[in-house]
Amino acid sequence: MNSEKPRNKIFDKPNDVVRFMHISDTHLWSEKRGQPFGTAGHDPVIWKSIWEMLPALKPDAVLWSGDIAAGQDWKAYQIPNSPQGPLKPTIADIRYVKDYHIPVYSVPGNHDHYVIFWKIFFYVRTKILFQKFFQSGNYPRLNVFKKKDMQFNIFRIDSSSGITAFDKMTLSAGCLHKRDIKILKNWRRIAREGGEIYGIKITPEILSQSWNILIIHHELTDDRFYSDISESSKIELIKFIAQIPIHVIACGHLHEQNVSYYPLFGPGRLDKKRNWLYMKNNNRLRTEHVRISRAGSTCERFEETNTMNLIDFNKTTFSIKTLLYDKIENSFLPNKM
Ligand SMILES: [Fe+2]
């Protein structure tokens with residue numbers, strides 16, 4: 001029996017579907033440098049298998065939600081850019097998977113803000129090496145991706161650029177930079193009234209006829225001290241998600257896979273009486289919840305589970321499927337947990 005057939009069946013992609021492959025927390029690290037404290041770096045076998053699966057998975061684009069490398073390090077960022085890596089350089093602020101001509105949309109994670117000397121992490125707000133070797137462009141960022149008569153507005157936010165001296169003690173907490181919060185407030189106004197973001201025309205009609213995706217490293221559903229996002233950042237994000245409206249958040253950070261709905265209203269979230277959540281013309285609330293696609297640590301070494309998500313959109317709906325790395329098959333297979 002041909003073993004390829006059942007596998008291809010598992011990854012079946014209908015003609016009307018646009019598929020995003022969502023990976024996260026790859027923690028790339030050069031083996032020559034030795035293991036840094038606090039992360040094991042990536043497993044080269046699993047890393048290779050991610051890109052070898054492209055012909056079976058047939059993604060139209062890749063979402064990569066941060067902690068690309070274990071620390072800001074030029075050797076680590078050369079791994080995806082090496083002849084064996086998936087990326088080829090472009091002058092735009094997105095990169096492409098070599099040979100498949102599919103775009104890669106990414107954000108930095110907290111680890112992409114650290115430099116590591118010997119075994120000690122130092123936080124660097126500016127993430128210079130990430131910008132230089134992995135991806136150019138400032139954050140927050142908007143990219144538009146069009147395929148099969150669908151428009152995807154992909155908002156990319158850096159959730160690690162605003163941490164304070166206290167946050168530094170936790171190494172991994174999330175906080176939006178106050179400059180970025182100002183920009184997001186302006187984008188919310190554009191979402192209501194129309195305007196341009198980086199030269200891209202945005203109106204309430206365009207947003208309502210598109211799929212809107214947010215890529216961010218930290219996420220909203222977890223409140224653990226060492227991993228949560230600050231309250232002020234969280235409320236700004238929830239307002240942004242409600243008003244755009246965002247349909248899917250692609251995130252990571254916790255190294256645990258999760259696909260769920262996140263309600264935007266309730267204690268510590270939004271109050272329905274506040275009228276800034278309503279569209280000006282027809283008073284219609286844009287959204288009450290958002291779908292979370294949290295990928296685990298896709299190829300970190302020694303993880304018990306390595307996961308990625310497939311997000312399949314058609315014109316009316318979308319679904320999220322988690323794939324789990326199988327050591328024996330050396331590939332990602334549907335999660336039966
Ligand atoms: Fe992280």
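In the predicted model, six strands form an open sheet of mixed pairing, in the order β8-β9-β12-β13-β15-β14. Its edge strands are β8 (141-147) and β14, each of which pairs on one side only. Neighbouring strands of this sheet are turned against each other by 25° on average, direction ignored. Within the sheet, strands β9 (residues 150-156) and β12 (residues 211-215) run parallel and are joined by five bridges.

The protein chain as a whole contains nine helices and 18 strands. Of its 337 residues, 43% count as buried. Among contacts in the protein chain with a separation of 6 or more, 71% are between residues 24 or more positions apart.

The largest nonpolar core comprises 74 residues. The residues with the most contacts inside this core are V62, I213, L214, I215, I241 and I249. Helix α9 (residues 231-243) supplies the largest share of the core, five residues. When residues up to four places away in sequence are not counted, I213 touches F152, I154, F155, H247, V248 and A250.

Strand β2 pairs in the parallel sense with strand β1 (residues 18-23) over four bridges, and F20 stands opposite A61 in β2. A parallel pairing over three bridges also links β2 to strand β5 (residues 102-106); here V62 stands opposite V104 in β5.

The loop between β14 (258-263) and β15 (289-294) includes L264. L264 is buried because 23 other C-beta atoms lie within 10 Å, where 20 or more are required. The C-alpha atoms of L264 and E288 are separated by 5.5 Å, although these residues are 24 residues apart along the chain. Leaving aside neighbours within four places in sequence, L264 is in contact with I238, I241, A242, R269, L270, T287, E288, H289 and V290.

Several loop residues have backbone geometry of note. Most residues other than glycine have a negative phi, and most peptide bonds are trans. A cis peptide bond joins Y139 and P140, with omega about -5°; P140 lies in the loop between α5 (128-134) and β8. The peptide bond from I244 to P245 is also cis, with omega near -10°, and P245 is located in the loop between α9 and β13 (248-251).

Positive phi values occur at H101, near 55°, and at Y198, near 50°; neither residue is a glycine. H101 is found in the loop between β4 (95-97) and β5. This residue, H101, counts as exposed because it has 8 C-beta neighbours inside 10 Å, and the limit for exposure is 12 or fewer. Y198 lies in the loop between β10 (195-197) and β11 (200-202). With 13 other C-beta atoms within 10 Å, Y198 is partly exposed.

Conventions: Residues numbered from 1 in each chain as written. Predicted model: local features only at pLDDT ≥ 70, side-chain atom pairs only at ≥ 80, totals over all residues. Helix = DSSP H or I, 4+ residues; strand = E, 2+ residues; numbered from the N terminus. Contact = placed C-beta atoms within 7 Å. Pairing = 2+ DSSP bridges. Axes fitted to C-alpha atoms, helices over the stretch in contact; angles between N-to-C directions. Core = buried A, V, L, I, M, F, W, Y, C linked by C-beta atoms within 7 Å.
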